[in-house]
Amino acid sequence: SDLFTELARLAAADTNRNHIATMYADGNAVGAFFERIAAHGNPELKQRISAAISAATRDSLEAATRAVLADDPGQRIPVIPHIVGGDDVVVSVAADRAWQFTVTYLDHFRQRLRSIDDVPGDLLGPVPPTASAGLVFAHAKFPFRRAADLAAERMRAAKQQFAGTEPAVAWLDVTRDGERLPPGQHAWTLDDLITLTSALQNLRSTVEPSGRAALERLVDIARPEVSAARIREYGRRLERDEVLAPFLAQEDAAARVSRMAQALSLARWWR
């Protein structure tokens, strides 16, 4: 639609300004949290917690939106909310802001739920409530309903991969990979994304697109030992060993190759 085309044009000038991302976020372990509250036998507490979770959702959406606004006070907001209710959020966001938006949303939501007033400590554990998200990158003209369905699938995959025990994000780049997930691509935890923020920025900014494309061609999930060796050799030739090192730290070659492939996918839209 014209609305999504206009949203895509709010991306930075160094992007092609024709892609958007659809994010679907949903709470982890929220049902179990309410079961513990119900067993506590305080109806007023349940009502107050329900209101606090809704408030945390809206506050986190606001915080994530603020995080992706440019310094220009006249900048149009690069976010379109579609569903905001309870612990569910579905939004469209300019593609180059999507990772920052999603990481900020999940981190803020986690912090807000940890700081709800007057909640007995035993009710928050053993698995505190958080949220996970699915993120789908596609051309602005890609059908929104399909993008939302794919984002929901990715969100459920992220929750399932970590059994809802911690916030995570699973993603899909439809333009690059189609509607089927590439082999070896898995969800990343929120803590992983935060820890590797600088490493991902370095990967995107110091390795030219042609270099990242060459690295993608060296990824071979079926032959991990050979693939890992070729990736390391290419990194040395580029004099980018230190840039690739954070994604090649695992002992198992298959894990190194998978991690590198995922990092390259993340770097396409990481800002």
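Is serine 258 buried or exposed by relative accessible area?

Reply: Serine 258 is buried, with a relative accessible area of 9%. Buried stands for under 20% relative accessible area and exposed for over 50%, with partly exposed in between, using a 1.4 Å probe and protein chains only. The model is a predicted one, in which local features need pLDDT of at least 70 and side-chain atom pairs count only at pLDDT 80 or more, while totals for chains, interfaces and linings use all residues. Residues are numbered from 1 along each chain as its sequence is written, and side-chain values use heavy atoms, with hydrogens and water left out.

Serine 258 sits in helix H13, residues 253-267. Helices (H or I, at least four residues) and strands (E, at least two) are DSSP runs numbered from the N terminus. Not counting residues up to four places away in sequence, serine 258 touches Gly184, His186 and Ile221; contact means heavy atoms within 4.5 Å.

Next, the nonpolar cores. A nonpolar core is a set of buried Ala, Val, Leu, Ile, Met, Phe, Trp, Tyr and Cys residues joined through side-chain atoms within 4.5 Å. The largest one has 61 residues, and Trp99 and Leu203 have the most contacts inside it. Helix H4 (residues 98-114) gives the largest share of this core, 8 residues. Another core, of 8 residues, lies apart from it and includes Val136, Ala138, Phe142 and Leu150. Beyond four places in sequence, tryptophan 99 is in contact with Leu135, Phe137, Val169, Trp171, Leu193, Leu266, Trp269 and Trp270.

H4 also packs on helix H3 (residues 43-67), at an angle of about 145 degrees and with the axes 8 Å apart. Axes here are lines fitted to C-alpha atoms, for helices over the stretch in contact, and angles run from 0 to 180 degrees between N-to-C directions. By class, this contact has 12 nonpolar, 6 polar and 2 charged residues. Ala, Val, Leu, Ile, Met, Phe, Trp, Tyr, Cys and Pro count as nonpolar, Asp, Glu, Lys and Arg as charged, and the others, Gly among them, as polar.

Leucine 172 is found in strand E5, residues 168-173, and is buried, with a relative accessible area of 2%. Its contacts beyond four places in sequence include Leu135, Val136, Leu150, Arg154 and Gln185. Leucine 172 and tryptophan 270 are 98 residues apart in sequence and 13 Å apart in space, C-alpha to C-alpha.

Leu150 and Arg154 are among the buried residues of helix H6, and the cover over those buried residues includes strand E1 (19-28), strand E4 (130-139), E5 and helix H7 (174-177). The 18 residues of H6 should span 26 Å at 1.5 Å a residue, and its end C-alpha atoms are 25 Å apart, which agrees. The expected span is 1.5 Å times one less than the number of residues.

Just after H6, alanine 163 takes a positive phi of about 55 degrees. Alanine 163 lies in the loop between H6 (144-161) and E5 and is exposed, with a relative accessible area of 62%. Glutamate 239 also has a positive phi, near 60 degrees. Its place is the loop between helix H11 (224-238) and helix H12 (241-244), and glutamate 239 is exposed, at 65% relative accessible area. Most residues other than glycine have a negative phi.
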